[in-house]
Amino acid sequence: MDSDARVIDVTDLRRRYGPAGRGGFDAVRGLTFSVARGELFALLGTNGAGKTSTVELLEGLAAPTGGRVRVLGRDPYRERPAVRPRIGVMLQEGGFPSDLTVAETARMWAGCTTGARPPGEALEMTGLAERARVRVKQLSGGERRRLDLAMALLGRPEVLFLDEPTTGLDAEGRRETWRLVRGLRDAGTTVLLTTHYLEEAESLADRLAIMRQGRIVVSGTPAEVTASRPSRIRFVLPDGVAPGELPLSLRAAVGDDRWVEIRTDGLQESLGALLRWAGEKRLALDGLDARSASLEEAFLAIARSDAPAGAPPDAPAGAAAAAASGAVRGGAGVKETTGTGVER
Ligand SMILES: Nc1ncnc2c1ncn2[C@@H]1O[C@H](COP(=O)(O)OP(=O)(O)OP(=O)(O)O)[C@@H](O)[C@H]1O
């Protein structure tokens, strides 16, 4: 990515709470990543991984302990007056005065925002126009999140930081927010999102990074990150067929319930071999289910890994996730077989 295209550019970023040495805590331990103009980048990680600590540095709310961060080519902390009008920030807690109505809050906020869009437009965009006369304290948790988003949009930001934007929203509200965020991205807004909803990241993100213990363990497109995990084929071994009769490349342990579960890096190849074998033998494979790994599986493999989070930043998706999960990577074909039928 050429440097002009990097709207967010982070190199070896570090953040420490408390004193140097004993008694302090390193929440961000050397992050390196960049986000291009018009790209939607998601930062994922378990509780305490360091997402919010990172986003606050990008927003210019704190100075890094080490490393370098640039937003729109400038230092967001030292050059805050130049950067702040060009970014929109949706914090985890908006903290608006609870006695003001939604419309009053929007007007007040617009008054503090350079080049603000009409407050009604921001409320319309976030589905709050009909709640304009309601006091903030009477809003539901999901409606407050939408008010936070509306305020972040008031300044027509070039870069939008969304810290867990859909927490507390119901399924419909979440999908509405996704539509809105996608629309903003398509119109050229650069978006950095943190979320605990993996489906949200999978659906929205152009690229993502998964953090653990203050470091990026894996990054890439959602497809690259999920490709780092094996696909799965399951079926019930037909009555009268012994496990040893399966083709050699698919020979699997079969549980008491006769479920066969095959983990494979080459889904098409393995499924083809299975179907050819079943066709030749004229066998029906009950419960047949073949699927690629989900982002959730990749995430859980990384989150559950006991290994220290020491993979190099921006490591390629496959290598880093495999290292993090302890998986042994083979070539195409069957990677691992179990007969338990139990999700692992
Ligand atoms: N002000 C602070 N002083 C000391 N430690 C802090 C402070 N703020 C955060 N931490 C610690 O830094 C680590 C990272 O916290 P952070 O809030 O950045 O994680 P996160 O990934 O955003 O978590 P979550 O998903 O729960 O919001 C945690 O261990 C947290 O306890």
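Domain bounds here come from an automatic or database domain assignment. For this protein the assignment gives domain 1 (3–226) and domain 2 (230–301).

## Model and overall make-up

The model is predicted: local features need pLDDT of at least 70, side-chain atom pairs count only at pLDDT 80 or more, and totals for chains, interfaces and linings use all residues. Residues are numbered from 1 along each chain as its sequence is written.

The protein has 11 helices and 13 strands; helices (H or I, at least four residues) and strands (E, at least two) are DSSP runs, numbered from the N terminus. Of its 344 residues, 41% count as buried. A residue is buried if 20 or more other C-beta atoms lie within 10 Å of its own, exposed if 12 or fewer, and partly exposed in between, with C-beta atoms placed from the backbone. Two residues are in contact if their C-beta atoms, placed from the backbone, lie within 7 Å. Among contacts between residues at least 6 apart in sequence, 71% join residues at least 24 apart.

## The two domains

The centres of domain 1 and domain 2, taken over C-alpha atoms, are separated by 42 Å. Eight residues from domain 1 and seven residues from domain 2 make up the contact. On the side of domain 1 that touches domain 2, α7 (198–204) and α8 (222–227) each supply at least two residues. That side has six nonpolar, one polar and one charged residues. In this classification Ala, Val, Leu, Ile, Met, Phe, Trp, Tyr, Cys and Pro count as nonpolar, Asp, Glu, Lys and Arg as charged, and the others, Gly among them, as polar.

## Nonpolar cores

A nonpolar core is a set of buried Ala, Val, Leu, Ile, Met, Phe, Trp, Tyr and Cys residues joined through C-beta atoms within 7 Å. The largest one holds 66 residues, of which Ala42, Ala150, Phe161, Leu192, Leu208 and Ile210 touch the most other members. Helix α5 (residues 141–153) gives the most to this core, with six residues. Domain 1 (3–226) and domain 2 (230–301) both contribute residues, so this core lies between them. Another core, of seven residues, lies apart from it and includes Ile233, Val260, Ile262 and Ala273.

Strand β8 (residues 207–212) is mostly covered, with six of its six residues buried. Arg207, Ala209 and Met211 point one way from β8, while Leu208, Ile210 and Arg212 point the other way. Two strands pair if DSSP finds at least two bridges between them. Strand β3 (residues 40–45) runs parallel to β8 and is joined to it by five bridges, with Leu44 opposite Ile210. Strand β9 (residues 215–220) pairs with β8 in the antiparallel sense, also over five bridges, and here Ser219 is the bridge partner of Ala209.

β8 and β9 form a hairpin with two residues between them, and Gln213 in the turn has a positive phi of about 50 degrees. Not counting residues up to four places away in sequence, Ile210 touches Leu44, Gly45, Val217, Val218, Phe299 and Ile302.

Strand β10 (residues 231–236) is antiparallel to strand β11 (residues 259–264), and six bridges join them. β10 also pairs in the antiparallel sense with strand β12 (residues 289–291), over three bridges. Arg234 has a partner in each of these strands: Glu261 is its bridge partner in β11, and Asp289 stands opposite Arg234 in β12.

Ile233 is found in β10. This residue counts as buried because 23 C-beta neighbours lie inside 10 Å. Leaving aside neighbours within four places in sequence, Ile233 is in contact with Ile262, Thr264, Ser270, Leu271, Leu274 and Ala290. Ile233 and Glu261 are 28 residues apart along the chain, and their C-alpha atoms are separated by 5.7 Å.

## The ligand shell

A residue is near a molecule if its C-beta atom, placed from the backbone, lies within 6 Å of it. The residues around the ligand are Tyr17, Phe25, Ala27, Gly45, Asn47, Gly48, Ala49, Gly50, Lys51, Thr52 and Ser53. By class, this shell has four nonpolar, six polar and one charged residues.

β2 (25–36) and α1 (51–58) each supply at least two residues of the shell. The most comes from α1, with three residues.
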